[in-house]
Amino acid sequence: QVQLVESGGGLVQPGGSLRLSCAASGSIGSVATMGWYRQAPGKQRELVATITKRLSTNYADSVKGRFTVSRDNAKNTVYLQMNSLKPEDTAIYYCSAQIRIILATRYNDYWGQGTQVTVSS
């Protein structure tokens, strides 16, 4: 079994910063792309940022220049540094990872439980 455990959410004032972490654990053979998604109340889940195993990144236009995704392959952990936060960044943030478990031949998508980020004065 595989688990993704997120941490780092919370309440922050506009203009502030937060850093999210997500660690994958379990019977992991290999981890491919990891990323972050978010879902605001009444809205669909949307992509925030992704990072490949070779550290190629992709960002939603709404967060470019403010958010930075990174990963530690040795720890199977992905991070999201969020700066210059805006009220519209308020959402539940979910991490995702493409993981091949030990002895398997295919990758599957796994999700974390989500962490709340609230940007408010």
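Strands (E, at least two residues) and helices (H or I, at least four) are DSSP runs, numbered from the N terminus. The model shown is predicted, so local features need pLDDT of at least 70 and side-chain atom pairs count only at pLDDT 80 or more, while totals for chains, interfaces and linings use all residues. Residues are numbered from 1 along each chain as its sequence is written, and side-chain values use heavy atoms, with hydrogens and water left out.

**View 1. S21 in strand 3, facing strand 8.**
S21 is found in strand 3. Two strands pair if DSSP finds at least two bridges between them; strand 3 and strand 8 run antiparallel and are joined by 6 bridges. Within strand 8, Y79 is the residue opposite S21. S21 counts as buried, at 18% relative accessibility, where buried means under 20% relative accessible area, exposed over 50% and partly exposed in between (1.4 Å probe, protein chains only). Leaving aside residues up to four places away in sequence, S21 touches V5, E6, S7, W36, V78 and Y79, a contact being heavy atoms within 4.5 Å.

**View 2. The largest nonpolar core.**
A nonpolar core is a set of buried Ala, Val, Leu, Ile, Met, Phe, Trp, Tyr and Cys residues joined through side-chain atoms within 4.5 Å. The largest has 31 residues, of which W36, L80, M82 and Y93 touch the most other members. Among the elements that give two or more residues to this core are strand 1 (2–7), strand 3 (18–26) and strand 11 (115–119). Strand 9 gives the most, with 5 residues. Beyond residues up to four places away in sequence, M82 touches G16, S17, L18, L20, R66, F67, Y93 and V117.

Strand 4 and strand 5 pair in the antiparallel sense over 5 bridges, and W36 stands opposite A49 in strand 5. Their hairpin has 6 residues between the strands, and G42 there takes a positive phi near 75 degrees. Strand 5 also pairs with strand 6 (residues 57–59) in the antiparallel sense, over 3 bridges. The bridge partner of A49 in strand 6 is Y59. In this second hairpin, with 5 residues between the strands, L55 has a positive phi near 75 degrees.

**View 3. R45 over two rings.**
A charge sits over a ring if NZ of Lys or CZ of Arg is within 6 Å of the ring centre and within 35 degrees of the ring normal. The charged end of R45 sits over the ring of Y94, 3.8 Å from its centre. R45 also lies over the face of W111, at 4.8 Å from the ring centre.

**View 4. Two loop residues with positive phi.**
Most residues other than glycine have a negative phi. N76, in the loop between strand 7 and strand 8, has a positive phi near 50 degrees. N76 is partly exposed, with a relative accessible area of 21%. S84, in the loop between strand 8 and strand 9, likewise has a positive phi near 50 degrees. At 40% relative accessibility, S84 counts as partly exposed.
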